[in-house]
Amino acid sequence: MKLLITGGCGFIGSNLIRYILNNTDYKVVNVDCLTYAADINSLKLFENDERYFFEEVDICDAVKLKHVFTKHEPESVMHLAAESHVDRSIDEPDKFLQTNIIGTYNLIETTRNYIDTLRLKNFRFHHISTDEVYGDLGSGNTLFNENTPYNPSSPYSASKACSDHLVRAWGRTYKLPYLITNCSNNYGPYQFPEKLMPKTIIRALNNETIPIYGDGNQIRDWLYVYDHVKALVKVLEEGEIFQTYNIGGLNEKTNLDVVNEICQNLNQIFPKNKDHRNLIKFVSDRPGHDLRYAVDSKKLSKNLNWMPDEDFKSGVKKTVGWYIENKDWWKNLC
Ligand code: NAD
(Lines give C-alpha, C1' and ligand atoms only; values in the text may rest on other atoms or scores of the structure.)
Protein backbone atom coordinates (compact mmCIF):
# COMPACT_ATOMS: atom_id res chain seq x y z
CA MET A 1 0.00 0.00 0.00
CA LYS A 2 1.15 3.55 -0.73
CA LEU A 3 0.20 6.05 1.99
CA LEU A 4 0.14 9.81 1.68
CA ILE A 5 0.99 11.27 5.10
CA THR A 6 0.74 15.02 5.73
CA GLY A 7 2.87 16.69 8.40
CA GLY A 8 5.40 13.85 8.37
CA CYS A 9 8.31 16.07 9.42
CA GLY A 10 6.60 17.03 12.68
CA PHE A 11 6.71 15.25 16.03
CA ILE A 12 3.99 12.61 15.62
CA GLY A 13 4.30 12.41 11.82
CA SER A 14 8.02 11.58 11.89
CA ASN A 15 7.49 8.92 14.58
CA LEU A 16 4.62 7.49 12.52
CA ILE A 17 6.67 7.31 9.31
CA ARG A 18 9.61 5.73 11.14
CA TYR A 19 7.27 3.13 12.63
CA ILE A 20 5.61 2.36 9.27
CA LEU A 21 8.85 2.07 7.29
CA ASN A 22 10.43 -0.12 9.98
CA ASN A 23 7.44 -2.39 10.61
CA THR A 24 5.41 -2.70 7.40
CA ASP A 25 6.09 -2.95 3.68
CA TYR A 26 4.03 0.20 2.92
CA LYS A 27 5.37 3.05 0.81
CA VAL A 28 5.08 6.56 2.23
CA VAL A 29 4.68 9.93 0.51
CA ASN A 30 5.38 12.64 3.09
CA VAL A 31 3.71 15.98 2.28
CA ASP A 32 5.07 18.75 4.50
CA CYS A 33 5.78 22.44 3.89
CA LEU A 34 8.46 22.52 6.62
CA THR A 35 7.21 25.12 9.09
CA TYR A 36 9.28 26.02 12.17
CA ALA A 37 7.91 22.83 13.82
CA ALA A 38 9.30 20.52 11.14
CA ASP A 39 12.67 18.88 11.01
CA ILE A 40 13.59 17.10 7.82
CA ASN A 41 16.57 15.50 9.61
CA SER A 42 14.21 13.49 11.81
CA LEU A 43 13.77 11.19 8.79
CA LYS A 44 17.27 11.45 7.30
CA LEU A 45 17.67 7.71 7.79
CA PHE A 46 15.13 7.10 5.00
CA GLU A 47 16.49 9.67 2.51
CA ASN A 48 17.59 6.94 0.10
CA ASP A 49 14.88 4.42 0.93
CA GLU A 50 12.98 3.54 -2.23
CA ARG A 51 9.74 3.24 -0.21
CA TYR A 52 9.96 6.87 0.99
CA PHE A 53 9.09 10.02 -0.99
CA PHE A 54 9.15 13.60 0.25
CA GLU A 55 7.09 16.44 -1.25
CA GLU A 56 7.64 19.94 0.12
CA VAL A 57 4.09 21.17 -0.40
CA ASP A 58 1.74 23.40 1.60
CA ILE A 59 -1.68 21.76 2.01
CA CYS A 60 -3.21 25.22 1.52
CA ASP A 61 -2.00 25.05 -2.12
CA ALA A 62 -4.73 23.03 -3.85
CA VAL A 63 -2.98 22.94 -7.24
CA LYS A 64 0.24 21.46 -5.89
CA LEU A 65 -1.70 19.06 -3.70
CA LYS A 66 -3.59 17.72 -6.73
CA HIS A 67 -0.29 17.26 -8.54
CA VAL A 68 1.07 15.17 -5.65
CA PHE A 69 -1.97 12.86 -5.84
CA THR A 70 -1.65 12.47 -9.62
CA LYS A 71 2.09 11.83 -9.41
CA HIS A 72 2.08 9.30 -6.56
CA GLU A 73 -1.40 7.72 -6.75
CA PRO A 74 -1.73 7.02 -2.98
CA GLU A 75 -4.07 4.31 -1.70
CA SER A 76 -4.89 6.01 1.63
CA VAL A 77 -4.24 9.31 3.43
CA MET A 78 -3.20 10.01 7.01
CA HIS A 79 -3.64 13.70 7.74
CA LEU A 80 -1.46 15.12 10.52
CA ALA A 81 -0.29 18.48 9.11
CA ALA A 82 -1.43 21.25 11.42
CA GLU A 83 -0.38 24.23 13.43
CA SER A 84 -0.36 22.54 16.82
CA HIS A 85 0.83 24.82 19.62
CA VAL A 86 -1.94 26.41 21.74
CA ASP A 87 0.19 29.38 22.90
CA ARG A 88 1.02 30.30 19.30
CA SER A 89 -2.68 30.05 18.37
CA ILE A 90 -3.46 32.70 20.99
CA ASP A 91 -0.79 35.06 19.55
CA GLU A 92 -1.34 34.28 15.85
CA PRO A 93 -4.70 32.60 15.17
CA ASP A 94 -4.66 33.32 11.42
CA LYS A 95 -2.15 30.58 10.55
CA PHE A 96 -4.20 28.06 12.53
CA LEU A 97 -7.34 28.87 10.60
CA GLN A 98 -5.44 28.68 7.30
CA THR A 99 -3.71 25.34 7.78
CA ASN A 100 -6.09 23.52 10.08
CA ILE A 101 -9.31 24.58 8.32
CA ILE A 102 -8.52 25.66 4.74
CA GLY A 103 -5.68 23.15 4.43
CA THR A 104 -7.95 20.31 5.62
CA TYR A 105 -10.67 21.49 3.22
CA ASN A 106 -8.19 21.36 0.30
CA LEU A 107 -7.07 17.92 1.29
CA ILE A 108 -10.55 16.39 1.57
CA GLU A 109 -11.68 18.02 -1.69
CA THR A 110 -8.56 16.81 -3.51
CA THR A 111 -9.00 13.33 -2.03
CA ARG A 112 -12.69 13.20 -2.95
CA ASN A 113 -12.06 14.19 -6.58
CA TYR A 114 -9.15 11.78 -6.82
CA ILE A 115 -11.20 8.84 -5.43
CA ASP A 116 -14.12 9.65 -7.76
CA THR A 117 -11.93 10.02 -10.86
CA LEU A 118 -10.11 6.73 -10.31
CA ARG A 119 -13.25 5.01 -8.86
CA LEU A 120 -11.17 3.71 -5.94
CA LYS A 121 -12.92 1.16 -3.74
CA ASN A 122 -10.80 0.61 -0.61
CA PHE A 123 -9.44 4.11 -0.05
CA ARG A 124 -9.29 5.42 3.55
CA PHE A 125 -8.89 9.00 4.73
CA HIS A 126 -7.62 9.07 8.33
CA HIS A 127 -7.89 12.46 10.02
CA ILE A 128 -5.75 12.88 13.14
CA SER A 129 -7.24 15.20 15.73
CA THR A 130 -7.11 16.10 19.40
CA ASP A 131 -9.07 15.59 22.62
CA GLU A 132 -8.96 19.38 23.04
CA VAL A 133 -11.98 19.70 20.70
CA TYR A 134 -14.15 18.48 23.62
CA GLY A 135 -13.15 21.45 25.82
CA ASP A 136 -12.64 21.56 29.56
CA LEU A 137 -13.70 18.59 31.74
CA GLY A 138 -13.24 20.63 34.91
CA SER A 139 -12.76 18.68 38.14
CA GLY A 140 -14.42 15.28 38.62
CA ASN A 141 -14.07 11.82 37.16
CA THR A 142 -15.82 12.04 33.81
CA LEU A 143 -13.91 11.14 30.65
CA PHE A 144 -14.24 12.25 27.03
CA ASN A 145 -15.81 9.58 24.84
CA GLU A 146 -16.58 9.63 21.11
CA ASN A 147 -20.05 11.13 21.75
CA THR A 148 -18.93 14.00 23.99
CA PRO A 149 -20.18 17.28 22.44
CA TYR A 150 -17.55 19.62 21.04
CA ASN A 151 -16.79 22.70 23.15
CA PRO A 152 -13.31 24.00 22.16
CA SER A 153 -11.65 26.77 24.17
CA SER A 154 -8.59 27.98 22.22
CA PRO A 155 -8.10 29.10 18.60
CA TYR A 156 -6.10 25.87 18.13
CA SER A 157 -8.82 23.55 19.42
CA ALA A 158 -11.56 25.52 17.62
CA SER A 159 -9.70 25.17 14.32
CA LYS A 160 -9.21 21.42 14.89
CA ALA A 161 -12.90 21.06 15.82
CA CYS A 162 -13.79 22.77 12.56
CA SER A 163 -11.55 20.40 10.61
CA ASP A 164 -13.23 17.39 12.28
CA HIS A 165 -16.66 18.77 11.30
CA LEU A 166 -15.52 19.25 7.71
CA VAL A 167 -14.26 15.68 7.48
CA ARG A 168 -17.52 14.26 8.90
CA ALA A 169 -19.61 16.47 6.59
CA TRP A 170 -17.59 15.25 3.57
CA GLY A 171 -18.26 11.70 4.75
CA ARG A 172 -21.99 12.23 5.05
CA THR A 173 -22.47 14.37 1.93
CA TYR A 174 -19.88 12.95 -0.49
CA LYS A 175 -19.21 9.55 1.12
CA LEU A 176 -15.57 10.43 1.79
CA PRO A 177 -14.40 7.19 3.50
CA TYR A 178 -13.01 8.78 6.65
CA LEU A 179 -11.74 7.64 10.02
CA ILE A 180 -11.12 10.18 12.79
CA THR A 181 -8.96 9.74 15.86
CA ASN A 182 -8.88 12.20 18.77
CA CYS A 183 -5.87 11.68 20.98
CA SER A 184 -4.58 13.10 24.24
CA ASN A 185 -1.24 14.86 24.92
CA ASN A 186 1.63 13.03 23.23
CA TYR A 187 5.20 12.92 24.49
CA GLY A 188 8.42 11.19 23.48
CA PRO A 189 11.37 11.56 21.08
CA TYR A 190 11.52 14.30 18.42
CA GLN A 191 8.98 16.64 20.08
CA PHE A 192 9.68 20.29 19.33
CA PRO A 193 11.31 22.06 22.31
CA GLU A 194 8.40 24.48 22.88
CA LYS A 195 6.14 21.75 24.36
CA LEU A 196 6.00 21.02 28.12
CA MET A 197 8.13 17.86 28.36
CA PRO A 198 11.03 18.76 26.03
CA LYS A 199 11.03 22.33 27.28
CA THR A 200 11.32 21.14 30.90
CA ILE A 201 14.07 18.63 30.09
CA ILE A 202 16.11 21.08 28.01
CA ARG A 203 15.80 23.98 30.44
CA ALA A 204 16.73 21.73 33.36
CA LEU A 205 19.77 20.40 31.47
CA ASN A 206 20.78 24.02 30.81
CA ASN A 207 20.22 24.89 34.49
CA GLU A 208 17.53 27.43 33.49
CA THR A 209 14.25 28.09 35.30
CA ILE A 210 11.35 25.76 34.42
CA PRO A 211 8.17 27.84 33.91
CA ILE A 212 4.83 26.32 34.95
CA TYR A 213 1.54 28.02 34.09
CA GLY A 214 -0.67 29.07 37.04
CA ASP A 215 -0.55 26.60 39.92
CA GLY A 216 0.46 23.69 37.66
CA ASN A 217 -2.68 21.73 38.51
CA GLN A 218 -3.96 21.40 34.93
CA ILE A 219 -4.52 17.72 34.20
CA ARG A 220 -3.71 16.01 30.89
CA ASP A 221 -3.77 12.35 29.88
CA TRP A 222 -0.20 11.60 28.69
CA LEU A 223 0.23 9.26 25.73
CA TYR A 224 3.66 7.97 24.67
CA VAL A 225 4.09 8.74 20.98
CA TYR A 226 5.03 5.14 19.97
CA ASP A 227 1.79 3.89 21.54
CA HIS A 228 -0.06 6.56 19.60
CA VAL A 229 1.45 5.72 16.21
CA LYS A 230 0.74 2.01 16.75
CA ALA A 231 -2.89 2.94 17.44
CA LEU A 232 -3.00 5.10 14.29
CA VAL A 233 -1.83 2.23 12.09
CA LYS A 234 -4.33 -0.12 13.74
CA VAL A 235 -7.19 2.30 13.10
CA LEU A 236 -6.11 2.83 9.49
CA GLU A 237 -5.93 -0.93 8.87
CA GLU A 238 -8.80 -2.25 10.97
CA GLY A 239 -11.02 0.70 11.92
CA GLU A 240 -14.57 0.97 10.65
CA ILE A 241 -15.16 3.64 8.01
CA PHE A 242 -17.16 6.71 9.23
CA GLN A 243 -16.14 5.99 12.83
CA THR A 244 -14.26 8.02 15.42
CA TYR A 245 -11.85 6.51 17.95
CA ASN A 246 -10.44 8.24 21.03
CA ILE A 247 -6.84 7.46 21.99
CA GLY A 248 -5.57 8.11 25.51
CA GLY A 249 -2.57 6.99 27.52
CA LEU A 250 -4.38 6.06 30.78
CA ASN A 251 -2.02 8.52 32.51
CA GLU A 252 -3.82 11.48 34.04
CA LYS A 253 -1.16 13.78 35.50
CA THR A 254 -0.99 17.43 36.47
CA ASN A 255 1.59 19.61 34.75
CA LEU A 256 3.34 19.81 38.11
CA ASP A 257 3.45 15.98 38.34
CA VAL A 258 5.02 15.90 34.87
CA VAL A 259 7.71 18.42 35.73
CA ASN A 260 8.46 16.74 39.07
CA GLU A 261 8.82 13.33 37.40
CA ILE A 262 11.26 14.76 34.86
CA CYS A 263 13.26 16.49 37.60
CA GLN A 264 13.43 13.30 39.66
CA ASN A 265 14.76 11.40 36.64
CA LEU A 266 17.40 14.08 36.14
CA ASN A 267 18.28 14.01 39.87
CA GLN A 268 19.04 10.28 39.54
CA ILE A 269 21.10 10.70 36.37
CA PHE A 270 23.02 13.75 37.67
CA PRO A 271 23.11 13.15 41.47
CA LYS A 272 25.83 15.74 42.00
CA ASN A 273 23.68 18.59 40.62
CA LYS A 274 21.30 20.43 42.92
CA ASP A 275 17.69 19.19 43.04
CA HIS A 276 16.29 20.12 39.61
CA ARG A 277 12.90 20.87 41.23
CA ASN A 278 14.46 24.06 42.61
CA LEU A 279 14.38 25.41 39.05
CA ILE A 280 10.55 25.41 38.95
CA LYS A 281 9.01 28.89 38.61
CA PHE A 282 5.24 29.47 38.55
CA VAL A 283 4.24 32.03 35.90
CA SER A 284 0.95 33.74 34.89
CA ASP A 285 -1.56 31.27 33.54
CA ARG A 286 -2.38 30.92 29.82
CA PRO A 287 -5.64 32.75 28.93
CA GLY A 288 -8.58 30.34 28.70
CA HIS A 289 -6.46 27.47 30.03
CA ASP A 290 -8.53 24.28 30.29
CA LEU A 291 -8.26 22.55 33.66
CA ARG A 292 -8.62 18.91 32.69
CA TYR A 293 -8.69 16.61 29.68
CA ALA A 294 -9.02 12.84 30.07
CA VAL A 295 -9.84 10.29 27.42
CA ASP A 296 -11.88 7.10 27.45
CA SER A 297 -10.22 4.77 24.89
CA LYS A 298 -12.56 1.81 25.54
CA LYS A 299 -13.93 1.76 21.99
CA LEU A 300 -10.43 1.41 20.57
CA SER A 301 -9.27 -1.17 23.11
CA LYS A 302 -12.48 -3.25 22.84
CA ASN A 303 -13.02 -3.13 19.08
CA LEU A 304 -9.43 -3.05 17.84
CA ASN A 305 -7.61 -4.63 20.76
CA TRP A 306 -5.21 -1.73 21.37
CA MET A 307 -3.63 -0.87 24.70
CA PRO A 308 -0.70 1.44 25.45
CA ASP A 309 2.53 -0.44 26.23
CA GLU A 310 4.19 2.39 28.10
CA ASP A 311 3.24 3.58 31.57
CA PHE A 312 4.00 7.14 32.63
CA LYS A 313 7.20 6.39 34.58
CA SER A 314 8.76 4.22 31.86
CA GLY A 315 7.72 6.69 29.12
CA VAL A 316 9.17 9.70 30.93
CA LYS A 317 12.39 7.79 31.67
CA LYS A 318 12.80 6.94 27.98
CA THR A 319 11.98 10.49 26.92
CA VAL A 320 14.48 12.08 29.32
CA GLY A 321 17.13 9.59 28.16
CA TRP A 322 16.41 10.38 24.50
CA TYR A 323 16.81 14.15 24.96
CA ILE A 324 20.07 13.64 26.85
CA GLU A 325 21.43 11.42 24.07
CA ASN A 326 20.18 13.58 21.19
CA LYS A 327 21.38 17.08 22.02
CA ASP A 328 22.44 17.59 18.41
CA TRP A 329 18.83 17.22 17.31
CA TRP A 330 17.33 19.84 19.63
CA LYS A 331 20.28 22.28 19.91
CA ASN A 332 19.54 23.68 16.45
CA LEU A 333 15.84 24.08 17.22
CA CYS A 334 16.11 26.06 20.47
P1 NAD B 1 3.86 19.35 14.91
O2 NAD B 1 3.56 20.80 15.10
O3 NAD B 1 5.03 18.76 15.60
O4 NAD B 1 4.04 19.04 13.35
C5 NAD B 1 3.18 19.54 12.38
C6 NAD B 1 3.80 19.27 11.02
O7 NAD B 1 2.87 19.75 10.04
C8 NAD B 1 5.12 20.01 10.78
O9 NAD B 1 6.06 19.15 10.18
C10 NAD B 1 4.74 21.14 9.84
O11 NAD B 1 5.79 21.54 8.95
C12 NAD B 1 3.57 20.52 9.08
N13 NAD B 1 2.68 21.56 8.54
C14 NAD B 1 2.14 22.59 9.22
N15 NAD B 1 1.40 23.35 8.39
C16 NAD B 1 1.46 22.76 7.17
C17 NAD B 1 0.90 23.06 5.90
N18 NAD B 1 0.14 24.14 5.73
N19 NAD B 1 1.18 22.25 4.85
C20 NAD B 1 1.97 21.15 5.02
N21 NAD B 1 2.55 20.83 6.18
C22 NAD B 1 2.29 21.61 7.25
O23 NAD B 1 2.52 18.58 15.30
P24 NAD B 1 2.35 17.18 16.03
O25 NAD B 1 2.48 17.37 17.48
O26 NAD B 1 3.18 16.17 15.35
O27 NAD B 1 0.81 16.89 15.74
C28 NAD B 1 0.39 16.18 14.58
C29 NAD B 1 -1.12 16.14 14.55
O30 NAD B 1 -1.62 15.52 15.73
C31 NAD B 1 -1.77 17.52 14.48
O32 NAD B 1 -2.86 17.45 13.61
C33 NAD B 1 -2.22 17.78 15.90
O34 NAD B 1 -3.36 18.62 15.93
C35 NAD B 1 -2.55 16.37 16.38
N36 NAD B 1 -2.41 16.18 17.83
C37 NAD B 1 -1.20 16.38 18.46
C38 NAD B 1 -1.10 16.17 19.82
C39 NAD B 1 0.23 16.32 20.56
O40 NAD B 1 0.26 16.12 21.77
N41 NAD B 1 1.32 16.63 19.88
C42 NAD B 1 -2.22 15.80 20.57
C43 NAD B 1 -3.42 15.64 19.90
C44 NAD B 1 -3.51 15.82 18.53
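Predicted model: local features only at pLDDT ≥ 70, side-chain atom pairs only at ≥ 80, totals over all residues.
Arginine 286 sits in the loop that runs between β12 (280-283) and α9 (298-304). Is this arginine buried or exposed? Its relative accessibility is 17%, and because buried means under 20%, arginine 286 counts as buried. Not counting residues up to four places away in sequence, arginine 286 touches Val86, Ile90 and Tyr213 as well as Asp87.

The largest nonpolar core has 31 residues, and Ile5, Leu16, Ile20 and Met78 are the ones that touch the most other members. Elements giving two or more residues to this core are β1 (2-6), α1 (11-23), β6 (178-183), α7 (225-238), β10 (243-247) and α9. Which of them gives the most? That's α7, with 7 residues. Take leucine 16 as a way in: leaving aside neighbours within four places in sequence, leucine 16 is in contact with Ile5, Met78, Leu80, Val229, Leu232 and Val233.

There's also a second, separate core of 24 residues, with Ile202, Val316, Tyr323 and Trp330 among them. Ile202 takes us to helix α6 (residues 196-205), where Met197, Pro198, Thr200, Ile201, Ile202 and Ala204 are buried. What covers those buried residues? The cover includes the strands β7 (185-187), β8 (210-213) and β9 (219-224), along with the helices α8 (255-269), α10 (312-325) and α11 (327-331). After α6 comes asparagine 207, and its phi is positive, near 60°.

Definitions and conventions:
Residues numbered from 1 in each chain as written. Heavy atoms only, no water. Helix = DSSP H or I, 4+ residues; strand = E, 2+ residues; numbered from the N terminus. Buried < 20%, exposed > 50% of the residue type's maximum accessible area, 1.4 Å probe, protein only. Contact = heavy atoms within 4.5 Å. Core = buried A, V, L, I, M, F, W, Y, C linked by side-chain atoms within 4.5 Å.
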